[in-house]
Amino acid sequence: MAIKKVGVVGAGQMGGGIAQVSAVAGLDVLVYDASAEQVAKCKATHQKLMARAVEKGRMEQADADAALARISYASDVNAMADRDIAIEAVVENEDVKKAVFADLDGACKDGCILATNTSSISITAIAAATKRPQHVIGMHFFYPVPVMKLVEVINGLATEEAVTTAVLDLSSRMGKVAVPANDRAGFVSNRILMPMINEAFYTWMEGVAEPEHIDEIMKLGMNHPMGPLQLADFIGLDTCAHIMNVLADGLHSERYRPCPLLEQLVTAGRLGNKSGHGVYKH
Ligand SMILES: NC(=O)c1ccc[n+]([C@@H]2O[C@H](COP(=O)([O-])OP(=O)(O)OC[C@H]3O[C@@H](n4cnc5c(N)ncnc54)[C@H](O)[C@@H]3O)[C@@H](O)[C@H]2O)c1
């Protein structure tokens with residue numbers, strides 16, 4: 001099951017990055033988004049990023065041109081018909097993803113793998129929206145995709161071993177380090193990361209230390225590149241609270257509910273870097 005033609009569904013922050021690394025790795029890529037405007041934006045971003053890579057001496061002009069020539073763009077799902085894999089990176093909403101997977105199931109050829117870049121939604125639930133659950137898998141990339149090495153590869157309940165093997169192989173051809181995991185709430189990355197961030201909010205709420213001191217202790221003491229509260233601002237406080245609720249529901253345990261202070265900041269509109277103010281002012 002060697003994957004040659006890659007389809008990326010969703011031309012946003014993550015989809016654009018996944019398409020870029022695929023093309024640079026020599027793969028034929030098609031980017032599909034329901035919004036023609038997003039497609040045009042994504043194409044312009046690819047051109048700008050490649051031009052910058054050449055300018056900075058990180059890439060030869062001919063290689064940048066060849067990578068760009070390997071990417072095509074579409075705003076019609078039927079363009080996905082000849083792809084060997086579709087990697088979905090649309091908004092993090094279970095109903096939207098299920099509808100997108102039902103559409104992809106109809107548009108993609110038999111045997112095409114349907115992968116999702118979800119951060120928190122059950123792979124098994126998404127797979128159930130298709131008639132090919134054995135070909136559905138999680139491919140969790142990290143932001144920014146061209147820089148971050150990891151792909152967490154998540155098997156749904158029905159995922160076939162040959163599909164996992166093909167996706168692990170594709171990830172390493174993209175220059176990534178792929179690590180397998182199974183489908184439980186939060187997978188491995190968010191199951192461990194988010195409770196740590198949540199605990200940092202409790203530590204702040206209980207007056208154990210000021211935010212900058214909590215971050216400094218975790219950076220210097222644990223050798224983390226950034227502190228948990230700074231990271232929460234980067235990820236988005238609303239996303240952190242949402243994922244904690246996914247963990248609480250999926251693992252049937254109230255101890256995973258978001259810290260009241262985290263919820264209060266979200267209610268106040270303090271969402272982190274993206275809103276200009278979260279734990280810190282940006
Ligand atoms: N941003 C991150 O740090 C990060 C990290 C890991 C995983 N993820 C996951 O990646 C996914 C995408 O996140 P993002 O930050 O790139 O979002 P984004 O908002 O930047 O992009 C989403 C894109 O999906 C498109 N879209 C929406 N509905 C669609 C549909 N029905 N059909 C086709 N296209 C549709 C939108 O037009 C938009 O271009 C989410 O599931 C998110 O949880 C994000």
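This is a predicted model: local features need pLDDT of at least 70, side-chain atom pairs count only at pLDDT 80 or more; totals for chains, interfaces and linings use all residues.
Let's start with the overall layout. The chain splits into two domains, domain 1 and domain 2, and their centres, taken over C-alpha atoms, sit 28 Å apart.

| Domain | Residues |
|---|---|
| domain 1 | 5-182 |
| domain 2 | 189-274 |

The two do meet: four residues of domain 1 are in contact with four residues of domain 2. On the domain 1 side of that meeting point you'll find three polar residues, one charged residue and no nonpolar ones.

Now for the ligand. It is surrounded by 23 residues, and the closest are G10, G12, M14, E92 and Y143. Two elements, α1 (13-24) and α4 (94-107), each supply two or more residues to this shell. Of the elements, α1 gives the most, with three residues.

Finally, have a look at I197, which belongs to helix α7 (residues 189-205). Is I197 buried or exposed? I197 counts as buried because 23 C-beta neighbours lie inside 10 Å, and the cut-off for that label is 20 or more. Leaving out residues up to four places away in sequence, I197 touches P228, L231, A232 and C240.

Notes. Residues are numbered from 1 along each chain as its sequence is written. A residue is near a molecule or strand if its C-beta atom, placed from the backbone, lies within 6 Å of it. Helices (H or I, at least four residues) and strands (E, at least two) are DSSP runs, numbered from the N terminus. Domain bounds come from an automatic or database domain assignment. Two residues are in contact if their C-beta atoms, placed from the backbone, lie within 7 Å. Ala, Val, Leu, Ile, Met, Phe, Trp, Tyr, Cys and Pro count as nonpolar, Asp, Glu, Lys and Arg as charged, and the others, Gly among them, as polar. A residue is buried if 20 or more other C-beta atoms lie within 10 Å of its own, exposed if 12 or fewer, and partly exposed in between; C-beta atoms are placed from the backbone.
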